[in-house]
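My notes follow, in the order I ended up writing them.

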Amino acid sequence: MEYRQLPHGSEQEKFSTLGLGMGGIQQASDAEIEQVVRTAIDRGINFFDLCAGARNVYAPFGRGIAGQRDRVFFQLHFGAVYNEKGEYGWSRELALIRRTFEWELTTLGTDYADFGFLHCVDEDADLDELLGAGVLDYIQAQKAAGRVRHIGFSSHTPSVANRMLDTGLVDMMMFSINPAYDLEQGDELGIGSVSERAALFRRCEAMGVGISVMKPFHGGKLLDAATSPFHTAMTRYQCLQYALDRPGVLAVVPGVRGLEDLQALLGFADAPAAEKDYSVIGRFTPAAARGSCVYCNHCQPCPAGIDVGLVNKYYDLAKAGDAMAAGHYGKLRVKAGSCIGCGHCDRRCPFHTAQSARMKEIAAYFGG
């Protein structure tokens, strides 16, 4: 299992790149929910999203992490609430959010949440309501008291997400990322143009704000040719790797309904690179995305030994204002200036990026 460091976290806050979402497991039995959690932890998964589909998920999840709380990290959503029947809903009422948080901690058997998220900040009005109701102030108070370790938010909308980043208060963003959304082929939740979404992810990495990914399979649509907007099925592993290659992403948290779904995901860490190669999306790329490097490294191997995807990523991040990107680039053993202009990468790029010309541009930018 690969682990990635939370930029604004402690040395111990390293998250498994494969996480789990608890939004669809409510139909499973309590015993199966607990077994899913324990099996996931045993297999190296330590990151969970607890925007649960129903209230009945919390008690078995708490039993699943009992005795190993220090091994796991999870997100709680301030605004996700449950009615008297235990059904999921959302609210902007501070008193109800406070009661829900207290109930969550008690039921989970813990005295803190790793992340306190402003929930479902999709429109400017959502953010205005949450701020006006004092929800962000409340999360800040819980952080000061040690009951919330980090502040974050979930969103589907780049413009609203940027407003949250402007506050300078957040360490984590949960965002919907998949090829359909990023290539403007999704549904009403795939908000933002190709360039807006790419710029948001780069900004997060430049600011040290981690990203946890929801909807990596586009609600399962990408896994079936009949429902995919591309009319071609992708695999779970391709979708997971695609999301993990976006700037700023620390973990992908696909939802599971039970043990069968978990087992379908667990082979990802050990799967060969060929099974994770998502370059097929180059055939679906709209004109707006052509010529842009998405860091897929389908151009490898480079005859000169350049890690073309990584060189491009550091370049894009440096231009986006990441002060550390130039330092990371400087530590590369083989830099853009080593390009021999053979055209191998140009011919293989599924996104029609003129990489050999871009290597000259990048070498000039970094000074050699």
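I began with the aromatics and found one cluster made up of Phe15, Phe47, Phe73, Phe115 and Phe117. A reminder to myself: this is a predicted model. I then looked up the total for aromatic pairs, and the structure holds 20.

Buried or exposed, Phe47 and Phe115? I checked, and both are buried.

Next I took Tyr329 and Phe366. I put this pair down as stacked, because the ring centres are 3.9 Å apart and the planes sit at 15 degrees.

**Charges over rings**

I also looked for charges over rings. Arg149 has its charged end over the ring of Tyr112, 3.7 Å from the centre. Lys276 lies over the face of Phe268, and there the distance to the ring centre is 4.3 Å.

I traced an open sheet of eight strands, order 3-4-5-8-9-10-11-12, with parallel pairing. Which strands are at the edges? I got strand 3 (20-21) and strand 12 (249-252), each pairing on one side only. Strand 8 (residues 113-118) and strand 9 (residues 148-155) run parallel and are joined by five bridges. Across that pairing, I noted Ala113 opposite Val148 of strand 9.

Helix 8 (residues 194-207) packs on the sheet, where I found it touching strand 10 (172-176) and strand 11 (210-214). The direction of helix 8 makes about 160 degrees with that of strand 10.

**The cores**

Last, the nonpolar cores. The largest has 81 residues, and Leu20, Phe48 and Leu118 touch the most other members. Helix 9 (residues 236-244) gives the most to this core, six residues.

I followed up on Leu20. Leaving aside neighbours within four places in sequence, Leu20 is in contact with a list of residues that includes Val36, Ile45, Phe47, Phe48, Val256 and Leu265.

There is a second, separate core of 18 residues, and among them I found Val308, Tyr329, Cys345 and Phe366. So my stacked pair, Tyr329 and Phe366, turns up in this second core.

Conventions: Residues are numbered from 1 along each chain as its sequence is written. This is a predicted model: local features need pLDDT of at least 70, side-chain atom pairs count only at pLDDT 80 or more; totals for chains, interfaces and linings use all residues. Side-chain values use heavy atoms; hydrogens and water are left out. A nonpolar core is a set of buried Ala, Val, Leu, Ile, Met, Phe, Trp, Tyr and Cys residues joined through side-chain atoms within 4.5 Å. Buried means under 20% relative accessible area, exposed over 50%, partly exposed in between (1.4 Å probe, protein chains only). Helices (H or I, at least four residues) and strands (E, at least two) are DSSP runs, numbered from the N terminus. Contact means heavy atoms within 4.5 Å. Two strands pair if DSSP finds at least two bridges between them. Axes are lines fitted to C-alpha atoms, for helices over the stretch in contact, and angles run from 0 to 180 degrees between N-to-C directions. Rings of Phe, Tyr and Trp (its six-membered ring) pair if their centres lie within 6.5 Å; planes under 30 degrees apart count as stacked, over 60 as edge-to-face and the rest as tilted. A charge sits over a ring if NZ of Lys or CZ of Arg is within 6 Å of the ring centre and within 35 degrees of the ring normal.
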